[in-house]
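The notes follow in the order in which I looked.

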Amino acid sequence: MEHLNAVLSGIPMTLLVTAASFAIGATAAIPLTLLMMSPWRPGRLLARVFTDIIRGLPPVVWLFIIYFGVSIGGFQFDAVSAAIMGLGVVSAAYLAEIYRSGVLSLHEGQWEAAAAMGVGRLDTVARVVAPQAIRVAVPAATGYAISLLKDSAVASTIGVTGIAYMATQDARSNAGGLPVYLFAAALYVLLAVPVAVAARLAGNAMQRKVSR
């Protein structure tokens, strides 16, 4: 119980980092997706280079860069803010690709029909394309949330007191590494199961809508 209580105390911080970084990524991915699909070639190239660089480096590297390397005047990110910003940037790159895949899954006739009716490009995206693309992207985005939950463990490297950090601290102080890490692994699984079930249900619902 001593090991379990120590690891349980890290759940709120793990959920905070996961939820906040996912929210940042989900929001920032929208303009990034629009830029990736823009008719403006320099914009597309810039967005592509950005996403490739972000996804090409391990998340822990971005956490180190933000936590140890970013200083604006006298301001410096604390551990929690650096973790949220770092994982948020990574989430934006991955979710932008998920959004783009959702848009590309739509038939080109959607764009052509809207243009034939005199609907502008922005209105077409907002009222025609986006609602349908979201239905396709939701299962993949939900699945990514599971990966983000697991990736939040790397925040322990900069001192964020999540599950992984609390497990490490308890293992060091009580010299009982295996039990405490087994508890931590079980907690990650228990937290991920509801998200996995939600992703499966969302995928089934989307499949039924598409098949109609």
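I looked up the largest cavity and got a volume of about 60 Å³. For the search, a cavity is a set of points on a 1 Å grid over the protein atoms alone where a 1.4 Å probe fits but cannot get out, and lining residues have an atom within 4 Å of a point. Grid points are joined across faces, edges and corners, and the volume is the space filled by probe spheres set on the points. I noted that 13 residues line the largest cavity, and that Thr14, Ser152, Ala155, Gly162 and Ile163 are the closest to its centre. Helix 2 and helix 8 (163–174) are the elements that give two or more residues to this lining. By class, the lining has nine nonpolar residues, four polar and no charged. Here Ala, Val, Leu, Ile, Met, Phe, Trp, Tyr, Cys and Pro count as nonpolar, Asp, Glu, Lys and Arg as charged, and the others, Gly among them, as polar. Searching the whole structure, I found one cavity of 30 Å³ or more.

**Conventions.** The model is predicted: local features need pLDDT of at least 70, side-chain atom pairs count only at pLDDT 80 or more, and totals for chains, interfaces and linings use all residues. Residues are numbered from 1 along each chain as its sequence is written, and side-chain values use heavy atoms, with hydrogens and water left out.

**Overall.** I counted nine helices and two strands in the protein; these are DSSP runs numbered from the N terminus, helices being H or I of at least four residues and strands E of at least two. From the N terminus on, the order is α-α-α-α-β-β-α-α-α-α-α. Of the 212 residues, 35% count as buried, meaning under 20% relative accessible area, with exposed over 50% and partly exposed in between (1.4 Å probe, protein chains only).

**Ser21 and Val17.** Where does the side chain of Ser21 reach? I found it at 2.6 Å from the backbone oxygen of Val17. A polar contact is a pair of N or O atoms within 3.5 Å; within protein, one must be able to donate a hydrogen and the other to accept it, and residues adjacent in sequence count only if both atoms are side-chain atoms. Ser21 lies in helix 2 (residues 11–36), and Val17 is found in helix 2. Ser21 is buried at 0% relative accessible area, and Val17 counts as buried at 2%. Leaving aside neighbours within four places in sequence, Ser21 is in contact (heavy atoms within 4.5 Å) with Ile84, Leu87, Gly88, Ser91 and Leu148. On the same terms, Val17 touches Ala83, Ile84, Leu87, Ser152 and Val160. I also noted 8.6 Å between the C-alpha atoms of Val17 and Ala155, 138 residues apart along the chain.

**Helix 5.** Helix 5 (residues 79–104) has 26 residues and reaches 38 Å from its first C-alpha to its last, close to the 38 Å expected at 1.5 Å a residue; the expected span is 1.5 Å times one less than the number of residues. At its N-terminal end I found Asp78 as the cap, a side-chain oxygen lying 3.3 Å from the backbone nitrogen of Val80.

**Thr142 and Phe183.** Thr142 is found in helix 7 (residues 121–151) and is buried at 18%. Phe183, in helix 9 (residues 177–211), is partly exposed at 30%.

Definitions and conventions: On a 1 Å grid over the protein atoms alone, a cavity is a set of points where a 1.4 Å probe fits but cannot get out, and a pocket is an open set with protein on both sides within 12 Å along at least five of seven lines; lining residues have an atom within 4 Å of a point.
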